[in-house]
Amino acid sequence: MMTERPPVAIIMGSQSDWETMKNAADTLEALEITYDARIISAHRTPDRLMNFAKGAKDEGFKVIIAGAGGAAHLPGMAASMTPLPVFGVPVQSRALSGQDSLLSIVQMPAGIPVGTLAIGKAGAVNAALLAAAVLALGDEEIADRLDEWRARQSAAVAEYPMDDL
Ligand SMILES: Nc1c(C(=O)O)ncn1[C@@H]1O[C@H](COP(=O)(O)O)[C@@H](O)[C@H]1O
């Protein structure tokens with residue numbers, strides 16, 4: 001029996017990014033969307049990046065989520081070598097609180113887009129939700145699960161504030 005390839009690749013520049021990027025993984029799991037998570041660095045493992053990005057579409061991936069911190073070249077370099085949509089997550093850096101990560105991911109030259117999310121956990125969660133939204137265009141089951149996820153989120157928000165929690 002052929003097992004289906006995961007549609008989402010989560011790539012990150014370093015093991016140290018996993019704490020942030022795990023939030024994307026957890027969100028995909030909540031939506032029953034499979035993924036592959038890999039450490040790939042444009043700086044430290046350029047050959048690994050080239051092999052991955054050039055082969056990602058043929059491997060069966062549909063969307064790439066790329067997280068990196070500091071001089072975050074990974075999302076843009078990945079996007080330059082694949083036609084797949086790439087969502088970039090700026091990981092919070094120690095020296096500059098992720099401002100460096102954000103600016104180096106968001107300011108792509110016209111022609112090679114990276115959909116850039118917020119710094120840190122919120123960005124990782126939202127990258128997964130955006131990936132799900134892309135997949136949902138061609139998959140009604142994912143679309144239904146995404147609707148349910150949002151309905152659960154709305155239901156979990158109390159309408160009135162409480163004094164003591
Ligand atoms: N920005 C990049 C890239 C890249 O863009 O290819 N490769 C590693 N890094 C980043 O360096 C930071 C520090 O990495 P270490 O914790 O390994 O020193 C990480 O946030 C990683 O994403």
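Ala68 sits opposite Pro90, which belongs to β4. Please keep in mind that this is a predicted model.

A second pair on β4 is Val86, with Ile64 standing opposite. The strands concerned are β3, residues 63-69, and β4, residues 86-91, and they pair in the parallel sense over six bridges.

Now the whole sheet. It is open and made of five strands, and its order is β2-β1-β3-β4-β5, with parallel pairing. At the edges are β2, residues 35-39, and β5, residues 115-116, each of which pairs on one side only.

Back to β4 for a moment.

Next, the packing. Helix α1, residues 18-30, lies across β1 (8-12), β2, β3 and β4, and runs at about 170° to β1.

The largest nonpolar core has 43 residues, and Ile11, Ile65 and Ala78 touch the most other members. The elements giving two or more residues to this core are β1, α1, α2 (46-55), β3, α3 (74-80), β4, α4 (99-106) and α5 (121-136). Which of them gives the most? That is α5, with six residues.

Leaving aside residues up to four places away in sequence, Ile11 touches Arg38, Ile40, Phe52, Ile64, Ala66, Leu74 and Ala78. Ile64 has come up already, as the residue opposite Val86.

Then there is Leu129, which is located in helix α5. Is Leu129 buried or partly exposed? Leu129 is partly exposed, because 19 other C-beta atoms lie within 10 Å, and a buried residue needs 20 or more. Tyr160 is 31 residues away from Leu129 along the chain, and their C-alpha atoms are separated by 27 Å.

Last, the ligand. There are 16 residues around it, and the closest are Gly13, Ser14, Ser16, Ala42 and Gly69. By type, the shell around the ligand divides into six nonpolar, eight polar and two charged residues.

That's what I have; I'm happy to take questions.

Note on methods:
Residues are numbered from 1 along each chain as its sequence is written. This is a predicted model: local features need pLDDT of at least 70, side-chain atom pairs count only at pLDDT 80 or more; totals for chains, interfaces and linings use all residues. Two strands pair if DSSP finds at least two bridges between them. Helices (H or I, at least four residues) and strands (E, at least two) are DSSP runs, numbered from the N terminus. Two residues are in contact if their C-beta atoms, placed from the backbone, lie within 7 Å. Axes are lines fitted to C-alpha atoms, for helices over the stretch in contact, and angles run from 0 to 180 degrees between N-to-C directions. A residue is near a molecule or strand if its C-beta atom, placed from the backbone, lies within 6 Å of it. Ala, Val, Leu, Ile, Met, Phe, Trp, Tyr, Cys and Pro count as nonpolar, Asp, Glu, Lys and Arg as charged, and the others, Gly among them, as polar. A nonpolar core is a set of buried Ala, Val, Leu, Ile, Met, Phe, Trp, Tyr and Cys residues joined through C-beta atoms within 7 Å. A residue is buried if 20 or more other C-beta atoms lie within 10 Å of its own, exposed if 12 or fewer, and partly exposed in between; C-beta atoms are placed from the backbone.
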